[in-house]
Amino acid sequence: MTLISAQDGLVVPPGGGRTLVSPAQQVTFKVTGEHSRAASSFEVVVPPGFDVGAHLHTRSEELFYVLEGELDVLAFEPLVRTPDHWREWRSAAGQRYARATTGTVILVPPGCPHAFANPTSEPVRMFFQASPPPDHERYFEELFEILEAGPPVDLEAIAKLRVRYDIEQITPLRTAGPAAGS
């Protein structure tokens, strides 16, 4: 997937890209910092019950596009950042979490709390873009190393990793939850 020259583009066919797989998540690198100065792009499979937890980035902008399935999503500053259950949050304008179905786009500017979770019994596929590259690429690579070392999942190692990559975790990351059993 390396560019031939600075003038050449990149075509990644369906199923193309480097894929990292764990019981908690599957991420396929589509466009990396090697290919783009603007953003890293990934296809992510979110398993039933996975909840990334509410978090924010001070430097990164993110875009999510639901390709297949349904996710509960949040992208706003709540009146109160409670340390658990982001689905109970409300914004000053009355926003609550939303059910994102196929075709939904979520744009998250730097500093905006956001979350997604799969409350269904089916995996969800989404396109995910993070700018600037390559922080999310490196984060995913290191996260999968931690996940491969388990079970049990080393939550302390994940917490340190998230801090190192500009991820302020507000509510817990959950790899399975009430719907999986969200």
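**Figure 1. Arg174 and Asp51, a salt bridge in the predicted model.** Let's start with Arg174, which is partly exposed, with a relative accessible area of 25%. This is a predicted model, and in it the side chain of Arg174 meets that of Asp51 in a salt bridge, at 3.9 Å from N to O. Arg174 sits in the segment after E11 and Asp51 in the loop between E3 and E4, so the pair ties together parts that are 123 residues apart in sequence.

**Figure 2. The surroundings of Asp51.** Which residues does Asp51 touch, not counting those up to four places away in sequence? They are Trp86, Arg87, Phe116, Ala117, Pro172, Leu173 and Arg174. Within its own loop, between E3 and E4, the side chain of Asp51 also reaches the backbone nitrogen of Gly53 at 2.7 Å. For a sense of scale, Asp51 and Gln129 are 78 residues apart in sequence, and their C-alpha atoms are 18 Å apart in space.

Figure 3. Asp72 is buried, at a relative accessible area of 2%. Take in the neighbours as well, and you will find Glu70, Asp72, Arg87 and Arg99 linked in a network of salt bridges. The structure holds 14 salt bridges.

**Figure 4. Arg125 and Glu68, a salt bridge between two strands.** The side chains of Arg125 and Glu68 form this salt bridge, with N and O 3.3 Å apart. Arg125 lies in strand E10 and Glu68 in strand E5, so parts of the chain 57 residues apart in sequence are tied together by the pair. Both partners are partly exposed: Arg125 has a relative accessible area of 25%, and Glu68 has a relative accessibility of 42%.

**Figure 5. The largest nonpolar core.** This core has 32 residues, and Val46, Leu71, Phe116 and Phe140 touch the most other members. Two or more residues each come from strands E2 (26-31), E3 (40-46), E5 (61-68), E6 (71-75), E8 (105-108) and E10 (124-131), and from H1 and H2. H1 gives the largest share, six residues. Zoom in on Val46 and, leaving aside neighbours within four places in sequence, you will see contacts with Leu71, Phe116, Asn118, Glu122, Pro123, Val124 and Met126. Another core, of nine residues, lies apart from this one, with Leu56, Phe76, Trp89 and Ala115 among its members.

Figure 6. Helix H2 spans residues 155-164, and its residues Ile158, Leu161 and Arg162 are buried. Why do these residues lie on the same side of H2? They cover an arc of only 100° around the axis, which puts them there together. An α-helix has 3.6 residues a turn, so residues three or four places apart point the same way. Glu156, Lys160 and Val163, on the other side of H2, are exposed. The packing partners of the buried residues are strand E4 (55-56), helix H1 (135-149) and strand E11 (168-169).

**Figure 7. The two ends of H2.** At the start of H2, a side-chain oxygen of Asp154 comes to within 3.3 Å of the backbone nitrogen of Glu156. Just after the helix, Asp166 has a positive phi of about 60°. Asp166 is located in the loop between H2 and E11, and at 10% relative accessibility it counts as buried.

**Figure 8. Backbone details in the loops.** Two cis peptide bonds are worth a look here. One joins Ser131 and Pro132, with omega about 0°, and the other joins Pro133 and Pro134, again with omega about 0°. His85, in the loop between E6 and E7, has a phi near 55°, a positive value in a residue other than glycine. At 43% relative accessibility, His85 counts as partly exposed.

Conventions
Residues are numbered from 1 along each chain as its sequence is written. This is a predicted model: local features need pLDDT of at least 70, side-chain atom pairs count only at pLDDT 80 or more; totals for chains, interfaces and linings use all residues. Side-chain values use heavy atoms; hydrogens and water are left out. Buried means under 20% relative accessible area, exposed over 50%, partly exposed in between (1.4 Å probe, protein chains only). Helices (H or I, at least four residues) and strands (E, at least two) are DSSP runs, numbered from the N terminus. The arc is that of the directions from the helix axis to the C-beta atoms. Contact means heavy atoms within 4.5 Å. A polar contact is a pair of N or O atoms within 3.5 Å; within protein, one must be able to donate a hydrogen and the other to accept it, and residues adjacent in sequence count only if both atoms are side-chain atoms. A nonpolar core is a set of buried Ala, Val, Leu, Ile, Met, Phe, Trp, Tyr and Cys residues joined through side-chain atoms within 4.5 Å. A salt bridge is a side-chain nitrogen of Lys or Arg within 4 Å of a carboxyl oxygen of Asp or Glu.
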